[in-house]
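Hi,

Here is the structure I promised to pass on.

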Amino acid sequence: MRLLLLISVTLLLPAVATAAEPLTLASDGKSEYVIVVPAETDAVVGTAARELQEHLAEATGATLAIVPEDQAPADSPRILVGPCRQTRELLPNLNVESLGHDGIVVKTAGRHLVLAGRPPRGTLYSVYTFLEDVVGCRWWTSTERFIPSRPSLEVPPQDVVYAPKLRIRSAFYRDAFDGTFAARLKLNGHFHRVPPEYGGHNRFCMFVHTFFPLLPPEKYFDAHPEWYSEIDGRRRWERAQLCLTNEAMRQELVRNALERLRNAPDANLISISQNDWYGACQCAACKTVEEEEESPAGPLLRFVNAVAADVEKEFPDVLVETLAYQYTRKPPKHVRPRENVVIRLCSIECSFVQPLAEGEQNEAFRADIEGWSRIAGQLFVWDYVTNFSNYILPHANLRVLKPNIEFFVDHNVVALFEQGDSQSGVGDFVALRAWLLARLMWNPALDDRALLIEEFLNGYYGPAGPHLLAYLDRIHDAAEQSGVYLRCFMPDTSRWLKLDDLNDATRLYNAALDAVADQPELFERVRRERLSLDHVWLNRYHALRRQAKAEERPFLGPDDPAAARDKFIALARKHGVGNYRENQPFAEREEQLQRRFRPAGPPPEPCKDLPPEQWLDIQDNEFRLHRPGQWTEVVQDAAASDGYAVRMPGSHHEWAASVPMSADFARGGAGRVYAQVRCDATAADGPAMTLGIYDGDQRRGVTHRRLDVEDIRGEKYVTVDLGSHALTPGMYFWAAPPRRPGEVEAVYVDRIFLVREKP
């Protein structure tokens, strides 16, 4: 029978022999019950029975025996785990095979309790549901849990038959990769290392962006350039895709895909999907299909359908997944996905301060997912629930998680990949997020605030919980009121967290720490969570300090930023920080923070006689560096005002060093902007570097200036005037080298400074 991602529903079966009175499962630490399993049972049912036994023993003090059904005492009340014969007798209308994927049964019948479900994981999930909802167990993290003390345990009448609408549920957090913890959270996606005895998980043969892994250009391009994209009249493979109308290419890709599947016998999905960039083929055949379908998704889906038809012949139970991503996100006009094809949409362009179902910020994505849901019965969503530019900053998206999941399941989404802080052990409430997302993916109807967020905060942080809830409310209110477009790539919080917000947040965290000051374990948990707020203060320290002084307002950031930096680094490392942003190790951020608080240099010449409030100085230690060690680096330079400068090699022309116009920088309207720069060059003339100001809100250049070698070559820094401008917080200064390898060795930026203009 074909393995389809059919939408599961809650099943309501006729009530049969449901107990009218509670069951006394334990009394004063003793129990008459036995745990009964089928005479011939599988490993997952065995795990379910042991998990039930161990948790009940810890909660009640009574260790219930696990016995095969044919050896169970005839007169003992039973907890029937798995497909027992007696279950069929007690519940004759129950057919677990007809439940949706991972469906569960928790029912009382006479003196007995039935815990069963659809294989392979349903019975185990029914045990975990019973332990959560009836016993009160909580698994906060892979190593931290709460098991209540209940030596006398009564079980109210149970009548639960349920199957989750999301068949594949993945919360992409480091701690949730632990197989046992993932099983307890009912996570079953590709990256959750759930062992077979805990039910296993849904496995991909190749995850995403598989065009080139299946047809590597280094192997095929020279002999078959026609298999790759035609762009601007020539075949190419760099930053390109495949020519999706080429039949010979398709046959070779199918051959390679089938070989991969033969070597992955436990896989139930394979991805046939575009590379992680643009570069679609523009040949006449591909453009004709694209025009017929009124979307680049047209040639893609026709191609994937044809691949899926061949895969089905040998692997009828394997689903073929493809991406509706970036340029292929708009659904096609005519072609429809085959039954064994799953369309995965990605929310990477969205704002995560407004729910996807409403609000003008996400209109485009909303229209696309609604369009796909009209033509596809089974969708997969790759959703983004963190800030990949900086994991260790507040990210105010908790309020949209539940409505977004509800929106997904209302639009035929049956598999959900929630990409969180997988590369970091320190972030914005990562333990809460993994737990919350897991619970909501299992049952989107749950109350995300009172039943989940408040429960986690109070259960995991104890008396600090109410203060942490107030903190979360404060930063979420700030984001919503700011109107920020909260992307999953946000370099800092300056667009939505203002000085007053940060002062209030600091007061709330101080209250949270005071509430658990005499409980070391809880204090450490709260102190770890505060790292994201600490990071904001360190990240924006100079600008916030200047603003508070200029406006005569409170400043609750650290009095000694260097000491606060050292504490931050030590705690981050203690708690296994890993990467501070996607694919960037914390050591890189540590180096940036180490240089941030060294003394500033003397005032530049135009500012020597100006009062402090009349000018602003931004040294290299406040610059945002892109690809440190490759495009940029901070080097010692005796000629620089503070002894250090940003160095960029002349081999590229990227805007690799930049400075955002923070609130204090833009305060007061117009100002004249200067930069102090120099270069090392063998060339006598020609371009040396470019400086400019860009308005990110308006997506336009404000000004730019090309500097020639003869203007700035040498060991002394040259002051460059970029003109007078009305500056706003959405703007940023940038600097770029010339891409003249061998002619311009490097360019250097010492500082930029602003002289305010009098009204």
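Below is what turned up on the inside: cores, cavities and cysteines.

First, the ground rules. This is a predicted model, so local features need pLDDT of at least 70 and side-chain atom pairs count only at pLDDT 80 or more, while totals for chains, interfaces and linings use all residues. Residues are numbered from 1 along each chain as its sequence is written, and side-chain values use heavy atoms, with hydrogens and water left out.

Let's start with the packing. A nonpolar core here is a set of buried Ala, Val, Leu, Ile, Met, Phe, Trp, Tyr and Cys residues joined through side-chain atoms within 4.5 Å; buried means under 20% relative accessible area (1.4 Å probe, protein chains only). The largest such core has 189 residues, and the ones with the most contacts inside it are Leu52, Leu56, Ile79, Phe130, Leu131 and Ile272. Helix H12 (residues 430-442) gives the most to this core, with 11 residues; helices are DSSP runs of H or I, at least four residues, and strands are runs of E, at least two, numbered from the N terminus. Apart from that core there is another of 34 residues, including Ile618 and Leu691.

Now the holes. A cavity is a set of points on a 1 Å grid, over the protein atoms alone, where a 1.4 Å probe fits but cannot get out, and its lining residues have an atom within 4 Å of a point. Points are joined across faces, edges and corners, and the volume is the space filled by probe spheres set on them. The whole structure has three cavities of 30 Å³ or more.

Of its 13 lining residues, Ile168, Gly189, His190, Phe207 and Phe380 lie nearest the centre. Strands E11 (168-172) and E19 (413-419) are the elements that give two or more residues to this lining.

Finally, how many disulfides did the search find? Zero, taking a disulfide as a pair of cysteine sulfur atoms within 2.5 Å.

Cheers

Technical notes: 1 Å grid on protein atoms, 1.4 Å probe; cavity = no way out; pocket = protein on both sides within 12 Å on 5 of 7 lines; lining within 4 Å. Buried < 20%, exposed > 50% of the residue type's maximum accessible area, 1.4 Å probe, protein only.
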